[in-house]
Amino acid sequence: MLNDTATAAFDTPLFRDHAAAGSFAGPPAGTGRAEAPDGRASAGPVAGGAAIVLDDVSKVFPARGSDAPVEALKNVSIAIPQGEIYGVIGRSGAGKSTLIRAINGLERPTSGEVVVDGVAINRLTEAGLRDQRRRIGMIFQHFNLLSSRSAFDNVALPLELAGVSRAATREKVLDLLELVGLSDKKDRYPIELSGGQKQRVGIARALATDPRVLLSDEATSALDPETTRSILRLLAQVNARLGVTIVLITHEMTVIKEICHRVGVIEAGRIIEEGRVSDVFAHPSTATARSFIGSLPGREIPATLAGRLRAEATGASQTVLRLTLTGDPASQPLVTQLARELGIDIALLGGQIDSIGALPFALLYVGVPVGAWAEGPLRARLEAAGATTEVVGHV
Ligand SMILES: Nc1ncnc2c1ncn2[C@@H]1O[C@H](COP(=O)(O)OP(=O)(O)O)[C@@H](O)[C@H]1O
Ligand SMILES: [Mg+2]
């Protein structure tokens, strides 16, 4: 319900102004999906270049007492086009918060360059940084609202600090609260709001100064799955309608899958894998990415099957395959076609049919006759159909 309210609110003057100014730019082709995650085509032309560039960024926290120095970021290079939702996933201590703090200038890199909206953040003076941070919104896991201020006054705070007039502040805050679906809660204090509502206030506050970039550090980690989904939908709408570039830090693959265009996997301060979300899901190249993807529901080999799997085909009747299909191939009647064309029986043993953003995605465990797999045409046919195929064992 909250979500519907939020959707309707995109017809507010705030959004019309942005649309009229032509400020929306979808991610350029080849670097992200041409469609917004809700399936809408990008609204506008691509406005040149990357919104955020990290060029060979390293951060070393010096030794303290008996603690050795910590290399929190190691030679990180990332280019995020204007309008993209870029996810960074990693385990606790991997360097995620340090990365996001380097983007908003809270942390100065030991070496390397951080450019946001054409400005080299790492070279700014403190005063320059304060100014630049107004162009970068930030939302947090624990919301960071002021408990002594109402929802309205929390959203108004950045505008007060920027010296915006009371009348203009009021208009802007009311628009933002409408946008996040909280018009009726404007006089409530944080203690009177649910976690999801508090994060909606946090998002409205982050958008108050019209930032071109929104940074989210584990913003849904304190929320239940349902609320998480509604907050992610709101962020996707903000991205699609305002063209705000979003960098989203998380340890949960569901968050990446839900709204990100591209993803970087961070481990021990390094980006060890990066790509379009659908590509990384279909062909993860590192064990870390595979384990994050494997943690999603429906990805593991079903327990009843796992107990019976054998490495050797000898004496088994079926070879068990894990098929991964992304995009168009995932919507095709592949299994029945193969069975008919090759005259074989195919057992459906488990899996998941889902979508990643707007793309259909299927991961299936199937059993095929051992002989049919050994012969080869089946393998060729699966490849031709765009399926990634792995043999997981025999039963
Ligand atoms: N201010 C700091 N001083 C010293 N070490 C730090 C500081 N901030 C972070 N670290 C260390 O840097 C590494 C990365 O931390 P962080 O970026 O917070 O990871 P994440 O957000 O992925 O959990 C950790 O080993 C952490 O202990
Ligand atoms: Mg962190």
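The shell around ligand 1 consists of Phe61, Val70, Ala72, Gly90, Ser92, Gly93, Ala94, Gly95, Lys96, Ser97 and Thr98. Two elements, β2 (70-81) and α3 (96-103), each supply two or more residues to this shell. The model is predicted.

**Ligand shell**

- By class, the shell around ligand 1 comprises 6 polar, 4 nonpolar and 1 charged residues.

**Open sheet and the helices on it**

- Six strands form an open sheet in the order β6-β7-β8-β3-β9-β10, and their pairing is mixed.
- Strands β6 (136-140) and β10 (270-276) lie at the edges, each pairing on one side only.
- From one strand to the next, the twist averages 15 degrees.
- Within this order, strand β3 (residues 85-89) pairs with strand β8 (residues 245-250) in the parallel sense, over 5 bridges.
- Gly87 has Leu248 in β8 as its bridge partner.

**Helix pair α7 and α8**

- Helix α7 (residues 195-207) and helix α8 (residues 225-242) have axes that come within 10 Å and cross at roughly 20 degrees.
- The two helices α7 and α8 are therefore roughly parallel to each other, and their crossing is right-handed.
- On the α7 side, the contact involves Gly195, Gly196, Gln199, Arg200, Ile203 and Leu207; on the α8 side, it involves Thr227, Ser230, Ile231, Leu234 and Val238.
- The contact of α7 with α8 is made up of 5 nonpolar, 5 polar and 1 charged residues.

**Helix pair α5 and α6**

- The axes of helix α5 (residues 151-161) and helix α6 (residues 166-179) cross at roughly 125 degrees and come within 9 Å.
- Helices α5 and α6 are therefore oblique to each other, with a right-handed crossing.
- Residues Ala151, Phe152, Val155, Ala156, Leu159 and Glu160 of α5 meet Thr169, Lys172, Val173, Leu176 and Leu177 of α6.
- This contact of α5 with α6 contains 8 nonpolar, 1 polar and 2 charged residues.

Key. Residues numbered from 1 in each chain as written. Chains lettered and ligands numbered in written order. Predicted model: local features only at pLDDT ≥ 70, side-chain atom pairs only at ≥ 80, totals over all residues. Near = placed C-beta within 6 Å. Helix = DSSP H or I, 4+ residues; strand = E, 2+ residues; numbered from the N terminus. Nonpolar A, V, L, I, M, F, W, Y, C, P; charged D, E, K, R; others polar. Axes fitted to C-alpha atoms, helices over the stretch in contact; angles between N-to-C directions. Parallel < 35°, antiparallel > 145°, perpendicular 65-115°, else oblique. Left-handed = near helix turned anticlockwise from the far one by under 90°. Contact = placed C-beta atoms within 7 Å. Pairing = 2+ DSSP bridges.
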